[in-house]
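Trainee: I have a new model open and would like to walk through it with you before I set anything up. Could we take it piece by piece?

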Amino acid sequence: MKPVTFLGDSLEAIRNFPQGARREAGLQLDRVQRGLMPERWKPMKTVGPGVNEIRVRDEGGAFRVLYVATFSEAVYVLHAFQKKTQKTAKADLDLAITRYKALRKER
């Protein structure tokens, strides 16, 4: 089972999700750690190769966790946020791209 490494404030962001969304995000990350795909996900090729988005919805709204699991040593959570519009905000995408590029550079 791969460990999860949270980049930037992504762990704090998930901890700030409502309880149901936080629990679901954790369950889906556990699936990824075990080499499975999350139940509701979407590839995020605009962020980088191998980056996926876990999609969580509960009574508190829509929440997203962007991660990359293609590296052998860990699952890296790039960004987590509440989605407030139909389209993912540019600021959220830009932050995930910046963290992905920094991760690739440091590896």
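Trainee: In what order do the strands of the sheet come, and what is the pairing?
Mentor: Bear in mind that this is a predicted model. Its 5 strands form an open sheet in the order 1-5-4-3-2, and the pairing is mixed. Strand 1 and strand 2, the latter covering residues 41-43, are the edge strands, each pairing on one side only. From one strand to the next the twist averages 30 degrees.

Trainee: Which way do strand 4 and strand 5 pair, and over how many bridges?
Mentor: They pair in the antiparallel sense over 7 bridges, and they form a hairpin with 6 residues between them. Looking across that pairing, you find Val 65 opposite Ala 80 and Val 68 opposite Tyr 76.

Trainee: And strand 1 with strand 5, how do those run?
Mentor: Those two run parallel and are joined by 3 bridges, with Val 4 having Val 75 in strand 5 as its bridge partner.

Trainee: How many residues of strand 5 are buried?
Mentor: The count is 8 of its 9 residues, so strand 5 is largely enclosed by the rest of the structure.

Trainee: Moving on to the helices, what does helix 2 touch on the sheet?
Mentor: Helix 2 packs on the sheet with contacts to strand 1, strand 3, strand 4 and strand 5, and its direction makes about 145 degrees with that of strand 3. Helix 3, residues 90-106, also packs on the sheet, where it touches strand 3, strand 4 and strand 5, and its direction makes about 170 degrees with that of strand 5.

Trainee: Which residues of helix 2 are buried, and what covers them?
Mentor: The buried ones are Ala 21, Glu 24, Ala 25, Gln 28, Leu 29, Val 32 and Gln 33. Their cover includes helix 1 (10-15) along with strand 1, strand 3, strand 4 and strand 5.

Trainee: What span should helix 2 have, and how far apart are its ends?
Mentor: At 1.5 Å a residue, its 15 residues (19-33) should span 21 Å, and the end C-alpha atoms are 21 Å apart, which agrees. Helix 2 is then followed by Gly 35, whose phi is positive, near 85 degrees.

Trainee: New topic: how many aromatic pairs are there?
Mentor: The count comes to 2 aromatic pairs. Phe 17 and Phe 63 form a tilted one, at 4.7 Å centre to centre with 45 degrees between the planes. Phe 17 lies in the loop between helix 1 and helix 2 and Phe 63 in strand 4, so this pair ties together parts that are 46 residues apart in sequence. Phe 71 and Tyr 76 make an edge-to-face pair, at 5.9 Å centre to centre with 75 degrees between the planes.

Trainee: Are Phe 71 and Tyr 76 buried or exposed?
Mentor: Both Phe 71 and Tyr 76 are buried, and both Phe 17 and Phe 63 are buried as well.

Trainee: How many salt bridges does the whole structure have?
Mentor: A search finds 8 salt bridges. One of them joins the side chains of Asp 9 and Arg 99 at 3.0 Å, N to O. Because Asp 9 lies in the loop between strand 1 and helix 1 and Arg 99 in helix 3, that pair ties together parts 90 residues apart in sequence. Asp 9 is partly exposed, with a relative accessible area of 39%, whereas Arg 99 is buried, at 14%.

Trainee: Which residues do salt bridges with shared partners join into one network?
Mentor: That network consists of Glu 24, Glu 39 and Arg 40. Within it, the side chains of Glu 24 and Arg 40 meet at 3.2 Å, N to O.

Terms used
Residues are numbered from 1 along each chain as its sequence is written. This is a predicted model: local features need pLDDT of at least 70, side-chain atom pairs count only at pLDDT 80 or more; totals for chains, interfaces and linings use all residues. Side-chain values use heavy atoms; hydrogens and water are left out. Helices (H or I, at least four residues) and strands (E, at least two) are DSSP runs, numbered from the N terminus. The expected span of a helix is 1.5 Å times one less than its number of residues. Buried means under 20% relative accessible area, exposed over 50%, partly exposed in between (1.4 Å probe, protein chains only). Contact means heavy atoms within 4.5 Å. Two strands pair if DSSP finds at least two bridges between them. Axes are lines fitted to C-alpha atoms, for helices over the stretch in contact, and angles run from 0 to 180 degrees between N-to-C directions. Rings of Phe, Tyr and Trp (its six-membered ring) pair if their centres lie within 6.5 Å; planes under 30 degrees apart count as stacked, over 60 as edge-to-face and the rest as tilted. A salt bridge is a side-chain nitrogen of Lys or Arg within 4 Å of a carboxyl oxygen of Asp or Glu.
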